[in-house]
Amino acid sequence: MATTVSAPAPGRRRRTPLARREARWAYLFLAPWIVGFLVFQAGPMIASAWLSFTEYDVINPPEYTGLDNYRELMADPQVARSLGNTVYYTALHVPLVMAISLGLALLLKRVGRLQGFFRTVFYLPVMTPAVAVGILFLLLLNTQDGLINRALGLVGIDGPSWTTDPDWVLPGIVLMSLWSLGSTVIIYLAALQNVPRDLYEAADLDGAGAWARFRHVTVPMISGSLFFTLIVNTIASLQMFTEVYTMYFGNRQTAGSFNSDAASFYVIHLFQEAFQFLHMGFASAMAWLLFVIILAITVVQVKLSNRFVYYEGEDQ
């Protein structure tokens, strides 16, 4: 009798022993990340989503309350105030950081051999611990003895009360945030160095001036980096916490010297609800609201990027 051998199903190829062994090693090397993601990210997110529908104070078991936390969230004036402060800070911080960083990157591109030195100088502040930055700027922004007001006094300007005047607290925090723009500068510098010189030469032949070259050559060619930093800085700004908490809420001297509402950021209010008042359910609802806001803003930015971001090599 003739023996028939069934052919493997179309589209399915039997993996060789070497391929199976490589797959096992791949999963083995991925295991620490997978375990870490499940334990420290996915697990807490699922638990937070459940707690947002409960009343939980850590001591007693969670009690299911449905949408009560979300209703209270929408009606709480302190939540609205802290969210407004956060949005105001983001609206000032992100454009300023991007504009100043791009200007510094354009200057760095021209310094020649000293470029490596200045790259290090601009990036070093990024390595400063956030708590140290908060303490440093609490001293720099001091009304009487602060270095910033002293410098303003040298040119005849009476410096404002950065840390006590509610109208100047947020601008002072924005000023502090410019301390760590070094990473954005480095990203822009790398993007600028990758712009083909041929494009500038062609623009020169067409009689384009400096502004025209910047607008029609530089900006389109680095638009991918601009888009990346827009998203990253927006997300970081909406989660601002450590420096502001160190300056105004973790310091006994400043805690009682000003209206705390002026420096109340959303994540700070979330932290207080969770770890000072033990309203874990309410704080979880706040966290998910922030997640939805960040997700919505990011989706809008990605949709708009299709019109303004150019990626070299894509079909036009």
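Contact here means heavy atoms within 4.5 Å. Keep that cut-off at hand for the first stop. The model on screen is a predicted one.

**Stop 1: S225**

Select S225. Its place is in helix α11. Is S225 buried or exposed? S225 counts as buried because its relative accessible area is 19%, and buried means under 20%. Now show what surrounds S225. Setting aside neighbours within four places in sequence, S225 is in contact with I187, Y188 and A191.

**Stop 2: helix α14**

Move on to residues 266–276, which make up helix α14. This helix is mostly covered, with 8 of its 11 residues buried. To highlight the buried ones, pick Y266, V267, I268, H269, L270, Q272, E273 and A274. Which helices do they pack against? Colour α2 (68–75), α3 (77–108), α11 (223–238), α12 (242–249) and α15 (280–308), and you have the partners. Then step just past the end of α14 to L278. There the backbone takes a positive phi of about 55°.

**Stop 3: the nonpolar cores**

Next, select I173, M176, M240, V244, Y248, A263 and F265. These residues have the most contacts inside the largest nonpolar core, which has 22 residues. The elements giving two or more residues to this core are α5 (130–140), α7 (166–177) and α12. Another core, of 18 residues, lies apart from the largest one. Find it through L181, Y188, L189 and A203, which are among its members.

**Stop 4**

Go to helix α1, residues 17–51, and pick W33 within it. W33 is exposed because its relative accessible area is 59%, and exposed means over 50%.

**Stop 5: the annotated segments**

Last, bring in the record. An unreviewed UniProt entry annotates "transmembrane region" over residues 25–51, 87–108, 120–141, 168–191, 221–241 and 277–300. Select 25–51. The chain there is 100% helix and 0% strand. Its end C-alpha atoms are 37 Å apart. Now select 277–300. Here the chain is 88% helix and 0% strand, with end C-alpha atoms 35 Å apart.

Conventions
Residues are numbered from 1 along each chain as its sequence is written. This is a predicted model: local features need pLDDT of at least 70, side-chain atom pairs count only at pLDDT 80 or more; totals for chains, interfaces and linings use all residues. Side-chain values use heavy atoms; hydrogens and water are left out. Buried means under 20% relative accessible area, exposed over 50%, partly exposed in between (1.4 Å probe, protein chains only). Helices (H or I, at least four residues) and strands (E, at least two) are DSSP runs, numbered from the N terminus. A nonpolar core is a set of buried Ala, Val, Leu, Ile, Met, Phe, Trp, Tyr and Cys residues joined through side-chain atoms within 4.5 Å. UniProt positions are given in the numbering used here, feature names are shortened, and annotations may be inferred rather than shown by experiment.
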